[in-house]
Amino acid sequence: MQACDAAIQKVQTALSKLDKLNNPADMQKLIEQFGPSAATPEGLAKIKNVMESTLRGLEYTKSAGGANLDLQDFASGATSGIPATAAAVSIGGGKVIFSKDEVQRKDISSLAETMTHEMSHAFAGTKDHWYLDGRGNHTSTYRPGGQERDVAPNAPTFANAVDNADDIARAVSKLSA
Ligand SMILES: [Zn+2]
């Protein structure tokens, strides 16, 4: 729940920056994350919309005392359909299962990014068009229903980026840093 509180703060901070957007560095961060369409009023409105829905999910989680969250051991392979290496999965109905291993290993800040990623799935309907590595490169995505991340990333369009959980979560981290 600490990660949920941290994520709420981060998304609120990111949204307040998008509301003003008087800092060219913030605009640059958005363009780096989503491409030049982020600088248009329509593009910016779409990004805000996804972040606002994500924030509603985080606030719901807080008000529910985390009742929609679960912790499981993915690495054991006992959780069918969930890759052993997944950090967390959104299973619908606002429910998110976190990997026990990840929760023990990661710090609050990266768990907050994972929480934001999952809540963007659950409450803003984002997909995994690709994952982002630490340097922001697009890596492969899941084979639907499969166990491995062995599918080529989808096309790096603005529409996909704004609908991509990792880009939303990473943009929140950068804007709130
Ligand atoms: Zn995801």
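This section describes the sheet, the nonpolar core and the helices of a predicted model.

Residues are numbered from 1 along each chain as its sequence is written. Because the model is predicted, local features need pLDDT of at least 70 and side-chain atom pairs count only at pLDDT 80 or more, whereas totals for chains, interfaces and linings use all residues. Helices (H or I, at least four residues) and strands (E, at least two) are DSSP runs, numbered from the N terminus.

Three strands form an open sheet of mixed pairing, in the order β1-β3-β2; two strands are taken to pair if DSSP finds at least two bridges between them. The edge strands, each pairing on one side only, are β1 (69-72) and β2 (88-92). From one strand to the next the twist averages 25°. Strand β3 (residues 95-99) pairs with β1 in the parallel sense over four bridges, and Q72 stands opposite S99 in β3. The pairing of β2 with β3 is antiparallel, also over four bridges, with A88 opposite F98 in β3. Two residues lie between the strands in the hairpin of β2 and β3, where G93 takes a positive phi near 65°.

Helix α5 (residues 108-124) packs on the sheet and touches β2 and β3; contact requires C-beta atoms, placed from the backbone, within 7 Å. The direction of α5 makes about 20° with that of β2. The axes of α1 and α5 come within 8 Å and cross at roughly 75°. Axes are lines fitted to C-alpha atoms, for helices over the stretch in contact, and angles run from 0 to 180 degrees between N-to-C directions. The two helices α1 and α5 are therefore roughly perpendicular to each other (65 to 115 degrees). At this crossing, Q2, A3, C4, A6, A7, K10 and V11 in α1 meet I108, S109, L111, A112, M115 and T116 in α5.

The largest nonpolar core has 36 residues, of which A7, V11, I47, M51, L58, M115 and V172 touch the most other members. Such a core is a set of buried Ala, Val, Leu, Ile, Met, Phe, Trp, Tyr and Cys residues joined through C-beta atoms within 7 Å; a residue is buried if 20 or more other C-beta atoms, placed from the backbone, lie within 10 Å of its own. At least two residues of this core come from each of α1 (2-20), α2 (24-34), α3 (41-63), β2, β3, α5, α6 (158-162) and α7 (165-176). Helix α1 gives the most, with eight residues.

Helix α3 has 23 residues and reaches 32 Å from its first C-alpha to its last, close to the 33 Å expected at 1.5 Å a residue (1.5 Å times one less than the number of residues). Its buried residues are G43, I47, V50, M51, T54, L55, G57, L58 and T61. What covers them includes α1, α2, β1, α5, α6 and α7. Just after α3, G65 takes a positive phi of about 65°.

In α7, 10 of the 12 residues are buried, so this helix is largely enclosed by the rest of the structure. The buried residues of α7 are A165, D166, D167, I168, A169, R170, A171, V172, L175 and S176, and they pack against α1, α2, α3, α5, β4 (131-132) and α6. Leaving aside residues up to four places away in sequence, V172 touches K10, V11, A14, M51 and T116.

Conventions. Contact = placed C-beta atoms within 7 Å. Parallel < 35°, antiparallel > 145°, perpendicular 65-115°, else oblique.
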